[in-house]
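Please open the model in your viewer and keep the sequence panel beside it. The tour below moves from one selection to the next and says what is found at each stop.

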Amino acid sequence: MTLRVWAPHARSLVLRSGDADTPMTGPDADGWWSGPALAPGNDYAFIVDGAGPFPDPRSAWQPHGVHGASRVFDASTFAWSDAGWAGRDARGAVTYELHVGAFTPEGTLDSAAERLPELAATGIEMVSLMPIAPMPGERGWGYDGVSLYAVHEPYGGPAALQRFVDAAHGAGVGVTLDVVYNHLGPDGNYLAKFGPYFTDAHHTPWGWAVNLDQPGSAEVRRYFIENALRWFRHFHVDALRLDAVHELHDDSPRHFLAELADAVAGLSRTLGRPLSLVAESDRNDPATVTPASGGGLGLTAQWADDVHHALHTYLTGERHGYYVDFGSVEVLDHAYRHVFVHDGGYSTFRGKNWGAPVPDDIDRQRFVVFAANHDQIGNRALGDRPAATLTPAAQATSLAFVLLSPFTPLLFMGEEYGETRPFQFFTDHVEPLGSAVTRGRLAEFSTHGWEDLYGGSIEVPDPQAASTFDASRVDPSAAGTPQDELRAWFAALIAARPRVLAPGAWERHPVSVMESAQRVVTLAGPVTVHANLSSEPVAFEGKLLEAFGDVAEREGTLHLAPQSVALTIS
């Protein structure tokens, strides 16, 4: 590999490999330095103006951790077996979000790959990996990653990611990779040593923003766009989930996301398979998924938090924090028919008008919905899942409202069988940063009314404690009631999905949500979901398809017992 490094303001740049220091040549007119070729497996680093050594900004392999030397990795040598893989569009795919470290006892990509056939057999069509960029220590969520071209070594490094994707495609499962382009973590981030990767012209919750519109931004944009294309081209991933795109501040004439979308679309045409960009955005702006020809950013899909909030608050009764405007069946109905609850009206939590309406002609599969994800669980004070407190019937309702909606469904690992183990926030920083993270976490949750929610005093888990991470591992071996019943119900919902995916199905059977009595809720559509979460039996019309709990048919009328859910078709 011939080494090239962008360092436009450096006066000297030296390559250190083994015991040898070799001056780099440059910079050229664009700020790039050139050096010798190194063979795969060689370790190297750079000394910038006498400081360092620092890892390569585009390091593909960090076997010694975020502060150590880079290692040459040739991604082109992997023997792929997925030549027949036609790709998987993120839209409409049953997606399964997982954390590599907490998904198996071993916590590696190779051990996660062993479970892919099992997931495929249940009906999972796309696996979404939480960020896998190198992070400090052994464990973390991944949103404080650095060396964005590399793969966290405890997960197995870059070769393990290639093996995972190849195994996924062999099982018929697509792969989404969660990438974080809005900031880098505070520990091991050496990009600013090389060039103007960050700017104080904009600010984010994590400090300085990535430089997308100030001097030097052309190469910074190129750094992130080439990173995205690399995952598609050399690691065969099918989609990227873009974290918190509302924190990608860009006042240039053409937004970075639109440029990225065009580049990915071009590569998709070249490779002959669909490549998707899925945004997490707090803006509630349909322009995110509106094609560039219509004045939008042109991304494939975006997460729809408002649908989660409407469903979660209806099922749990919670109203704290940003849930304050949610909870009623009317709000739930609005979310299912219009996607955004805050679509231009007043948001109490934000204290201002927020969002914009979603036009009726935007495909609802461009919106990813969920009853749980890493944020909505892990950013609770105790990291508790809804399954820890919801009745089995409410969990069954939740699954049905996600999988039989007009949207693209996403489940969080273990949700398909009612996993009750928490998913807590965990880190592995060195001191003094580790103690600062612990203090910050405790302070954050001391003021949000969590004790009222949990009904008494609570002890917020220490993110630095290994026990916090260990408590967050899923246990798919759980069996018995209600896990076995929920597994069977999940299978029934997957079997019913072709009815909601049929062409024109939602035009013939428009979506709506209504209550016939308190805690008796119906999701109308190609498959109608009747949920009786009350303590009294209810009757309704329809042709029974499947049931969770007790349902009986008498004289052409279906009678649904308390705490039961039924699917009907017309």
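Begin by selecting Asp250 together with its surroundings: apart from neighbours within four places in sequence, Asp250 is in contact (heavy atoms within 4.5 Å) with Leu212, Asp213, Arg221, His255 and Phe256. Asp250 sits in the loop between β13 (239-242) and α6 (256-271), where helices (H or I, at least four residues) and strands (E, at least two) are DSSP runs numbered from the N terminus. Is Asp250 buried or exposed? Its relative accessibility is 11%, so Asp250 counts as buried, a term that means under 20% relative accessible area, with exposed over 50% and partly exposed in between (1.4 Å probe, protein chains only). If you draw a distance from Asp250 to Val210, the C-alpha atoms are 9.1 Å apart, although the two residues are 40 apart in sequence.

Before going further, note that this is a predicted model, in which local features need pLDDT of at least 70 and side-chain atom pairs count only at pLDDT 80 or more, while totals for chains, interfaces and linings use all residues. Residues are numbered from 1 along each chain as its sequence is written, and side-chain values use heavy atoms, with hydrogens and water left out.

Next, select strand β8 (residues 95-98), where Thr95 and Glu97 point one way and Tyr96 and Leu98 the other, all of them buried. In a regular strand the side chains alternate between the two faces of the sheet.

Now move to helix α8 (residues 329-338), whose buried residues are Val329, Val331, Leu332, Asp333, Ala335 and Tyr336. Just after α8, select Val339, which takes a positive phi of about 75°.

Finally, zoom out to the whole protein, which has 15 helices and 27 strands. Its C-alpha atoms fill a box of roughly 90 × 50 × 45 Å along the principal axes, and buried residues make up 56% of the 570 residues. Among contacts between residues at least 6 apart in sequence, 69% join residues at least 24 apart.
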